[in-house]
Amino acid sequence: MQAISHFLSTTQQANHPILTHYHSFRDEISGPVASRWVSKMANLLASDLSNDLFGNADSTSSILIELPAGWQSTFWQVSGDLMGWQTENTLFSQHLSSNAFSFDVHVSNELATLEASTAAWRLAHSTAPLAMRWRGSLPSGILDALSELMAQSDQFEYEALESAPSIKDYLAQINSDEEALLKEASAQGQPTRLGLYSESFPSAPLLTHLWMDGHSVVVVDKLQYTLEKAQEIFASEKVRLVVD
């Protein structure tokens with residue numbers, strides 16, 4: 001089974017919140033919702049945005065993701081990674097490549113950034129709560145990411161590239177500073193509702209690993225909430241293990 005198919009099958013069956021994020025507002029994403037979004041993103045990458053469509057099969061398609069911390073940024077990265085694309089997510093990159101705009105696809109919520117980009121496909125992705133499209137008009141050549149995604153099927157319809165990692169290899173791509181969190185979660189011996197109080201957002205491979213193991217993750221942004229308030233949130237969310 002392809003890694004992306006494994007991811008979609010597992011999340012589709014997780015009929016509970018797999019990610020709850022407290023930042024400037026509260027986001028909650030269930031397993032089936034995650035499966036639908038990643039399916040749509042992977043379908044869009046394969047059907048409309050891949051450089052294979054223009055005879056460039058020898059060159060791996062690439063995507064630059066510049067979005068705020070949250071499920072949108074994570075799901076774009078999971079989709080790109082598991083489809084075998086070269087992905088760069090500015091959330092987790094301390095140093096961008098020397099030519100930050102040498103990508104086939106560029107996704108951002110900042111119009112100025114997209115207007116300066118030389119990517120073949122530039123997608124404006126609104127991260128406003130419950131947004132279904134970009135609010136207002138877009139400059140010529142910039143696509144509304146949400147509108148494009150809504151046009152895609154909720155079911156995965158394509159195949160990942162041969163360069164796509166296996167699910168085992170992808171889950172191994174965890175930052176060394178995140179290994180302790182994974183070990184603490186694994187030590188529970190069963191799926192657990194985990195709480196993370198941090199200034200940084202978990203990486204896509206770490207979240208994927210936790211979800212594949214059946215865990216649910218509640219992330220509270222340390223820059224937005226005091227420790228006392230975070231503890232109240234974790235109690236209300238029925239978190240069993242809190243990791244700072």
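Tutor: Contact, in what follows, means heavy atoms within 4.5 Å. The model is predicted, so local features need pLDDT of at least 70 and side-chain atom pairs count only at pLDDT 80 or more, while totals for chains, interfaces and linings use all residues. Residues are numbered from 1 along each chain as its sequence is written, and side-chain values use heavy atoms, with hydrogens and water left out. Helices (H or I, at least four residues) and strands (E, at least two) are DSSP runs numbered from the N terminus.

Student: Happy to start! Which residues in helix 1 meet Thr208, Trp211 and Met212 in helix 8?

Tutor: Helix 1 spans residues 3-13 and helix 8 spans residues 204-212. On the helix 8 side of this contact stand Thr208, Trp211 and Met212. Their partners in helix 1 are His6, Phe7, Thr10 and Thr11.

Student: Are helix 1 and helix 8 parallel or oblique to each other?

Tutor: Axes are lines fitted to C-alpha atoms (for helices over the stretch in contact), with angles from 0 to 180 degrees between N-to-C directions. The axes of these two helices come within 10 Å and cross at roughly 55°. Under 35 degrees counts as roughly parallel, over 145 as roughly antiparallel, 65 to 115 as roughly perpendicular and the rest as oblique. Helix 1 and helix 8 are therefore oblique.

Student: What about helix 1 and helix 2: at roughly what angle do the axes cross?

Tutor: In this contact Ile4, Phe7, Leu8, Thr11 and Gln12 of helix 1 meet Gly31, Pro32, Ser35, Val38, Ser39 and Ala42 of helix 2. By class, that gives six nonpolar, five polar and no charged residues. The helices are roughly antiparallel, since their axes come within 7 Å and cross at roughly 150°.

Student: And which residues in helix 3 meet Ala3, Ile4 and Phe7 of helix 1?

Tutor: The axes of helix 1 and helix 3 (residues 71-83) come within 8 Å, crossing at roughly 140°, which makes the two oblique. The contact holds six nonpolar residues, with no polar and no charged ones. The helix 3 partners are Val78, Leu82 and Met83.

Student: On to the sheets! In what order do the five strands of the parallel open sheet stand?

Tutor: Two strands pair if DSSP finds at least two bridges between them. Here strand 5 (residues 105-108) and strand 6 (residues 121-124) run parallel, joined by four bridges. Strand 4 (86-89) and strand 7 (142-144) are the edges, each pairing on one side only. The order is 4-3-5-6-7.

Student: Finally, which residue meets Lys40 in a salt bridge?

Tutor: A salt bridge puts a side-chain nitrogen of Lys or Arg within 4 Å of a carboxyl oxygen of Asp or Glu, and the whole structure has five. Lys40 takes part in one at 2.9 Å, N to O. Lys40 lies in helix 2 and its partner in the loop between helix 5 and helix 6, so the pair ties together parts 114 residues apart in sequence. The partner is Asp154.

Key
Ala, Val, Leu, Ile, Met, Phe, Trp, Tyr, Cys and Pro count as nonpolar, Asp, Glu, Lys and Arg as charged, and the others, Gly among them, as polar.
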